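Trainee: Could we go through this model together, one question at a time? I would like to see how each answer is reached.
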Amino acid sequence: MEPLISLTIRNRKAYYEPGDRLECEYQIDAIGTNAIEAVESSVLWHTEGKGDEDIGVHFFERRTPIDCPDGDLRELHRFSTICPPTPLSYEGRILKVKWCVRVRVFPKNGKEISFDIPFRLGKGIKPNSVEKLIAVTETTR
Amino acid sequence: MSHDGESATDRIQYESEVTNPFSTRFSKPSSVQFLEFADCSLSTCLSRIYNAGFVGQIVGPHGSGKSTLLFALANELARLSPVLLVNGTKQVFRAEPNFSSETPSTSSEMAFRKDFIVLADGWESHFLKSKKRILKLLKDRASPREVADRLELSLGVDLPISTLVVATHVDVGLPIVTSLTPSLEKFLCFAKQLQSRSQHQVPDDRVRQAFDQAGGNYREGLMHLYDAWEDLFGAAHVHQPPEVSFRESD
């Protein structure tokens, strides 16, 4: 049986503005106390679309048993980060920018397990609003 | 929580599910599972590679699944031996099985494990001079160890290369591992596999149309399917009932 990752964004909102604090917590279950080699948590963005995927890591934390008082990585752990100014979430036709919180568990034996929770940075620029912006810019030239 | 807050959250959750299953992220050779058919299975390919002394070629036109097959073979071979997958001068995949010096092992197994199996994608993009030297060496049918030593010199790679499997558009004279031929049946299965992650499905007639438009090139076909999926279910339809937008576009 694979380990279970319970990941939550504690201050869940429809979207986060740059400068907002993102607070998260996770807990690992269905795995033995000493069976975890490391747990990595990150806040990252990645692109999706027709071209090559791009990725950027905004926050990263790796914990090993020596980082815990009793060496148990399964226990509830909290982390937070301040949202950066860019890149804002974007849902275009050929390119999308998506943000997520990710937790990866590396068991001592077996394959790593990962769980993501998507969130949105910025209200979200719609493709048609970009077109409108271009049109307004060209009109005012 | 206010009613507005709930609806906003619901909207975000819905939007997060709107992910085009034909994005490169999901459809690139390293992300997809190689689909086995009667004319090409991983076990057959592996046994042919083994029987030929870990030398061979995968032949097929552009977008016929050569890279996907190479990745699948790399993952399988990595259970036995260190594997290096290169495309031109770029290293795209490298894996080594967990090897402990404490593990009981015969001397021949040790020697095998220490050698890298090299899989070369995009054989056409390798420098001609380098290719000719490699092929000449391989055609000599030297023993793996001798080939390894001489390949190290000819490629200038600081790795104990012993074996080579290439993906190529045309027959380059190596033992054939498999010849890939695109087919609509395979493309339909491939599209179905990719769409298993999505709650929205592009209908089969659009998949057939994409295959025809691409002239049998899977990669091009996936680009057409990406567009078809965006037309039917993409971001522009997020705030509309999917059924309505589906019927309108179709």
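Mentor: Let us begin with a definition: a salt bridge is a side-chain nitrogen of Lys or Arg within 4 Å of a carboxyl oxygen of Asp or Glu. Please keep in mind that this is a predicted model.

Trainee: How many salt bridges does the structure hold over all chains?
Mentor: A pair counts when the nitrogen and the carboxyl oxygen lie within 4 Å, and K98(A) with E48(A) is one such pair, its closest N and O atoms being 3.9 Å apart. That pair links distant parts of the chain, since K98(A) is in strand β7 and E48(A) in strand β3 of chain A, 50 residues apart. Over all chains, the number of salt bridges is 19.

Trainee: Is E48(A) buried or exposed?
Mentor: Buried means under 20% relative accessible area. The relative accessibility of E48(A) is 3%, and therefore E48(A) counts as buried.

Trainee: Around how wide an arc do the buried residues of α9(B) lie?
Mentor: In helix α9 of chain B, the buried residues are R206(B), V207(B), A210(B) and F211(B). They lie on the same side of α9(B), because the arc they cover around the axis is only 140°.

Definitions and conventions
Residues numbered from 1 in each chain as written. Chains lettered and ligands numbered in written order. Predicted model: local features only at pLDDT ≥ 70, side-chain atom pairs only at ≥ 80, totals over all residues. Heavy atoms only, no water. Buried < 20%, exposed > 50% of the residue type's maximum accessible area, 1.4 Å probe, protein only. Helix = DSSP H or I, 4+ residues; strand = E, 2+ residues; numbered from the N terminus. Arc of directions from axis to C-beta.
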